[in-house]
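The following exercises concern a predicted model.

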Amino acid sequence: MPEHAVYCIDHPRAGDLSGADHLAGWLLCSKKIEAVELAAAPGSFTYGLSRPDVASTWELYPNAAQSGFRLELPAGSLGDGSGLDLVLVVAGGLGFRQRLRLRLDPSSNATQHALVHKRSPIGSFSPETLEDQLRACLEAKPGITFRLDIINKCNLRCIMCHYSDPDVFMRPAKKLTLDEFRDLFEDIAPSVRNVMLSCADEPLASNHFPDILRYLAGEHPRVNIAFCTNAMLMNARIRRLIVEHGVSDVYLSMDGVYKQTLERIRVGSKYQRIVANILALRDLKQAARSERPTVILNFVMMDCNIHEAPKFVELASRLGASLIDFRHLIANDYMDDRGQYLSEHKAKYNFFRARIAKAAKRCGIEVSLPSAFNTSESFDPTGLPEVDLGEFEAVSPDRAQGDLPVPRKTPKITSLRGTSADTFSETFCEMPFSEIMIAGQDRVQPCPFYQGELGRLSEGKTLSEIFYGPAFQRLRQNMLRPHGDAGCRGCPIKAKRLTEDVAGFGSARGKLRRLLK
Ligand code: SF4
């Protein structure tokens with residue numbers, strides 16, 4: 001868990017900041033606090049006041065019994081709501097002291113969690129030179145992750161997906177041809193490090209997928225290629241292309257050990273075909289002695305499948321997966337069965353979360369798991385059926401086709417060091433410096449969470465013109481502000497960063513890092 005602080009403002013009450021002449025509350029850090037200083041504001045900070053009430057709840061933190069503080073400051077200086085910068089002097093290793101920065105949000109009386117940084121969260125960037133720094137960084141090392149859908153169709157109608165809506169499922173197909181993809185991509189290609197050929201649709205449903213893959217691997221061999229699929233259409237020809245052209249990462253959506261569970265969630269899917277295709281990809285990769293692709297399984301956790309998740313870890317390791325990304329069902333307009341959300345079954349999730357973690361350790365597979373819910377309730381598993389791999393073991397790999405592919409040996413950029421994602425990681429969020437996403441084959445955004453668009457391809461601009469244009473520039477400038485950009489409201493990364501639990505923040509950020517890999 002990264003270093004973090006937990007604090008609560010008792011005075012003044014929220015919304016009554018403008019006339020306040022002092023602030024009082026308590027403050028804890030994951031490291032022992034030796035002193036607290038105000039970073040750049042006039043005032044005096046007293047730390048170490050007795051707080052037995054805090055000690056009884058937060059006894060695992062150092063200083064809990066003496067975590068009270070009082071900050072005297074000129075009346076009116078809290079009025080703009082921008083927060084207060086503090087320096088926590090904490091005990092480091094070997095008797096050294098460390099200075100960690102914390103931005104205190106005085107506008108709430110709730111208990112707040114925040115990361116602490118060795119440097120200011122905005123790093124050492126200046127608004128005037130930000131764009132020059134970005135261009136220099138991208139010229140020195142390609143760092144952009146480019147995401148788009150090459151088709152607006154899917155062959156399934158999963159219960160939690162927009163394709164469960166018949167209007168979406170039946171809409172006319174819009175596919176990017178190789179020429180259209182090339183026109184779009186060539187312009188930004190020198191700065192691109194990763195291409196993700198899917199955001200919300202099924203890329204293998206496009207008959208242009210093989211041509212686009214061949215073009216990327218042949219003409220831009222240093223670029224890492226990834227895509228997400230439900231594996232239904234991952235036939236022998238596609239598997240061969242994947243291995244031959246050195247696709248870096250294949251994300252596979254699979255959320256059940258049993259046929260009935262998977263097919264009930266992924267409507268229209270066929271369990272045997274999915275498992276057979278993934279097994280065959282595993283075998284082909286092994287036979288061709290290829291390190292690529294890395295296989296990542298995405299498992300959407302719900303009330304109906306969470307009990308299968310611990311056994312799924314074993315299944316995933318036998319499928320040759322390197323990572324399982326367990327995710328909660330995200331509230332959306334298509335899934336109205338509240339009973340499926342695990343936030344309605346907190347104790348049950350916590351129970352199976354512990355089992356998943358144990359299974360992952362036993363199988364030696366990495367898992368990304370959301371934090372446990374905060375609940376005192378416990379879950380009684382009596383009556384739940386044992387889960388076994390009988391159905392899985394009855395499936396044979398799909399048959400191979402032709403000779404073994406020879407994996408293309410091309411140098412890829414694998415290290416993050418020095419990329420724009422790395423260089424600007426100290427800003428509020430590095431995505432506007434390192435990501436371009438095209439939503440709906442038209443709207444340009446920095447990431448899937450951003451509310452708004454920074455340009456439209458249909459307006460005739462190139463990707464470079466949009467990425468280096470005024471809207472993206474404005475967004476990047478806002479990444480130097482402590483609260484980011486208004487379009488980031490509702491973003492899970494931002495929410496975790498500002499308010500929620502630190503463990504969850506780490507996991508969400510780790511997930512993004514993996515996608516940036
Ligand atoms: S919406 Fe979230 S991930 Fe996207 S730019 Fe804003 S903070 Fe970053």
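**Exercise 1. Characterise the interface of domain 2 and domain 3.**

Step 1. Begin with the bounds: the assignment gives domain 1 (4-115), domain 2 (142-393) and domain 3 (417-516). Domain 2 contributes 28 residues to the contact with domain 3, and domain 3 contributes 23 residues.

Step 2. The centres of domain 2 and domain 3, taken over C-alpha atoms, are 23 Å apart.

Step 3. The size of an interface is often expressed as the accessible area lost when the parts come together. For domain 2 and domain 3 this buried area is about 2100 Å², with 50% of it on carbon and sulfur atoms.

Step 4. Next, consider the specific pairs. The interface of domain 2 and domain 3 holds one salt bridge and nine residue pairs in polar contact, both residues being at pLDDT 80 or more.

Step 5. On the side of domain 2 that touches domain 3, the elements that give two or more residues are strand 9 (144-148), strand 10 (192-196), strand 14 (323-328) and strand 15 (366-368). Strand 9 gives the most, with five residues. By class, this side of domain 2 comprises 13 nonpolar, seven polar and eight charged residues.

**Exercise 2. Identify the buried residues of helix 6 and what covers them.**

Step 1. In helix 6 (residues 236-244), the buried residues are Ala236, Ile238, Arg239, Leu241, Ile242 and Val243.

Step 2. The cover over these residues includes helix 5 (209-219), strand 11 (224-229), strand 12 (249-253) and helix 8 (271-287).

Step 3. After helix 6 comes Gly246, which has a positive phi near 65°.

**Exercise 3. Is Asp255 buried or exposed, and which residues does its side chain meet in polar contacts?**

Step 1. Asp255 is placed in the loop between strand 12 and helix 7 (259-265).

Step 2. The relative accessibility of Asp255 is 0%, so this residue counts as buried.

Step 3. The side chain of Asp255 is in polar contact with the side chain of Arg266 at 2.8 Å. A polar atom of the Asp255 side chain also lies 3.2 Å from the backbone nitrogen of Val300.

Step 4. Beyond neighbours within four places in sequence, the residues in contact with Asp255 include Met160, Phe299 and Asn305.

**Exercise 4. Locate Ser107 and list its contacts.**

Step 1. Ser107 lies in the loop between strand 7 (97-104) and strand 8 (112-115). The relative accessible area of Ser107 is 37%, so Ser107 is partly exposed.

Step 2. The side chains of Ser107 and Asp105 are joined by a polar contact of 2.6 Å.

Step 3. Apart from neighbours within four places in sequence, Ser107 is in contact with Ala14 and Leu17.

**Exercise 5. How many salt bridges does the structure hold, and where are Asp201 and Arg171 placed?**

Step 1. The structure holds 22 salt bridges.

Step 2. In the salt bridge of Asp201 with Arg171, the closest N and O atoms are 3.7 Å apart. This pair links distant parts of the chain, 30 residues apart: Asp201 is in the loop between strand 10 and helix 5, and Arg171 is in the loop between helix 3 (166-169) and helix 4 (178-186). Asp201, at 12% relative accessibility, counts as buried, whereas Arg171, at 26%, counts as partly exposed.

Step 3. A salt bridge also joins Glu314 and Arg318, with the closest N and O atoms 3.6 Å apart. Glu314 and Arg318 are separated by about one helical turn because they are four residues apart in helix 9 (residues 309-318).

Step 4. Glu314 and Arg318 are part of a network of salt bridges that also links Lys311 and Glu393.

Conventions
Residues are numbered from 1 along each chain as its sequence is written. This is a predicted model: local features need pLDDT of at least 70, side-chain atom pairs count only at pLDDT 80 or more; totals for chains, interfaces and linings use all residues. Side-chain values use heavy atoms; hydrogens and water are left out. Domain bounds come from an automatic or database domain assignment. Contact means heavy atoms within 4.5 Å. Buried area is the accessible area (1.4 Å probe) that two parts lose on being put together, summed over both. A salt bridge is a side-chain nitrogen of Lys or Arg within 4 Å of a carboxyl oxygen of Asp or Glu. A polar contact is a pair of N or O atoms within 3.5 Å; within protein, one must be able to donate a hydrogen and the other to accept it, and residues adjacent in sequence count only if both atoms are side-chain atoms. Ala, Val, Leu, Ile, Met, Phe, Trp, Tyr, Cys and Pro count as nonpolar, Asp, Glu, Lys and Arg as charged, and the others, Gly among them, as polar. Buried means under 20% relative accessible area, exposed over 50%, partly exposed in between (1.4 Å probe, protein chains only).
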